[in-house]
Amino acid sequence: MNIGGNTVLITGGATGIGFAFAEYFIEAGNEVVICGRREKKLIEARGKHPELHIRVCDIASDYDRRSLFDWISSGFSNLNVLVNNAGIQREINFTNGLSEFIRGENEISINLEAQIILTGLFIPLLKGNKESAIINVTSGLGFIPAARTPVYSATKAGMHAFTMALRYQLSPAGIKVFEVVPPAVDTELNPEGRAERGNYKPDIKPDEFVGAVMEGLKNDVPEIGYGSTEKLIKASRQELDTIFRQMNSRW
Ligand SMILES: NC(=O)c1ccc[n+]([C@@H]2O[C@H](COP(=O)([O-])OP(=O)(O)OC[C@H]3O[C@@H](n4cnc5c(N)ncnc54)[C@H](OP(=O)(O)O)[C@@H]3O)[C@@H](O)[C@H]2O)c1
């Protein structure tokens with residue numbers, strides 16, 4: 001895809017991987033809109049890049065999603081790139097049934113349902129504009145589930161499948177569909193889980209990861225991995241099973 005001259009919406013764009021996307025897209029000469037639930041984080045992001053457009057939005061709320069779409073359609077009608085990046089991660093133990101799942105935020109609503117509905121909402125706008133693209137941020141855990149994050153892994157596997165199908169459906173309309181598959185990146189994702197694992201801090205910074213992703217986008221690579229996920233997205237079923245067993249051996 002052409003990485004300059006677009007109008008780009010990045011969900012969850014105030015922090016982590018989303019914010020790194022925002023910085024790269026600004027640098028490459030795009031108009032960039034970010035959204036998220038915490039206004040403070042959005043304002044902080046705009047403090048670093050005054051040209052950023054910000055919008056408070058909970059993508060799990062149908063009202064917020066539709067308001068976001070109406071606001072974009074009237075103020076940024078040439079929007080041609082949607083980055084479905086917002087997401088949460090929880091560690092949920094199903095050994096005792098449903099109780100842990102229902103105690104916290106719903107990953108299925110945020111990581112899967114919202115992404116699918118937002119994509120559907122924006123497709124008519126993207127179809128009307130030139131050189132449109134959808135960039136879905138999934139995870140290595142969508143290829144190899146982690147036993148400690150079963151629902152998260154399922155939502156990312158779901159987004160992987162949705163992205164593949166969408167790429168096929170939207171190809172005649174000229175909309176490019178990319179899947180970005182992060183490895184472990186040092187962000188605010190799942191702070192409780194990382195604290196439990198001795199304040200685990202992945203080596204890879206969002207900047208480094210997104211820098212590599214931008215090269216993949218430039219070269220029209222449909223599924224973009226980095227580090228461990230570069231191998232994962234090309235692995236055979238047998239290789240995936242072996243890594244799955246190794247990765248989950250201490251669960
Ligand atoms: N970091 C990793 O190791 C890693 C690995 C694989 C995949 N990923 C994926 O990368 C994406 C970005 O995550 P990150 O690592 O950069 O973590 P992050 O810094 O926590 O970013 C997630 C962003 O999503 C926003 N968000 C969450 N729920 C939302 C909602 N309901 N409505 C609107 N915005 C929402 C958050 O903002 P608010 O809380 O203010 O809403 C936050 O800005 C996620 O999809 C994640 O699953 C990350």
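Among the 30 residues around the ligand, those that come nearest are Gly 12, Gly 16, Arg 37, Gly 87 and Thr 187, a residue being near a molecule if its C-beta atom, placed from the backbone, lies within 6 Å of it. The model is a predicted one, in which local features need pLDDT of at least 70 and side-chain atom pairs count only at pLDDT 80 or more, whereas totals for chains, interfaces and linings use all residues. Residues are numbered from 1 along each chain as its sequence is written. The shell around the ligand comprises 14 nonpolar, 11 polar and 5 charged residues, where Ala, Val, Leu, Ile, Met, Phe, Trp, Tyr, Cys and Pro count as nonpolar, Asp, Glu, Lys and Arg as charged, and the others, Gly among them, as polar. Helix H1 (residues 16–27) gives the most to this shell, with 3 residues.

The chain has 10 helices and 7 strands, assigned as DSSP runs (helices H or I, at least four residues; strands E, at least two) and numbered from the N terminus. With 251 residues, a compact globule would have a radius of gyration near 18 Å, and the chain agrees with this at 18 Å; the radius is taken over C-alpha atoms, and the globule rule is 2.2 Å times the number of residues to the power 0.38.

Helix H5 (residues 107–128) and helix H6 (residues 150–170) have axes that come within 8 Å and cross at roughly 15 degrees, the axes being lines fitted to C-alpha atoms over the stretch in contact, with angles from 0 to 180 degrees between N-to-C directions.
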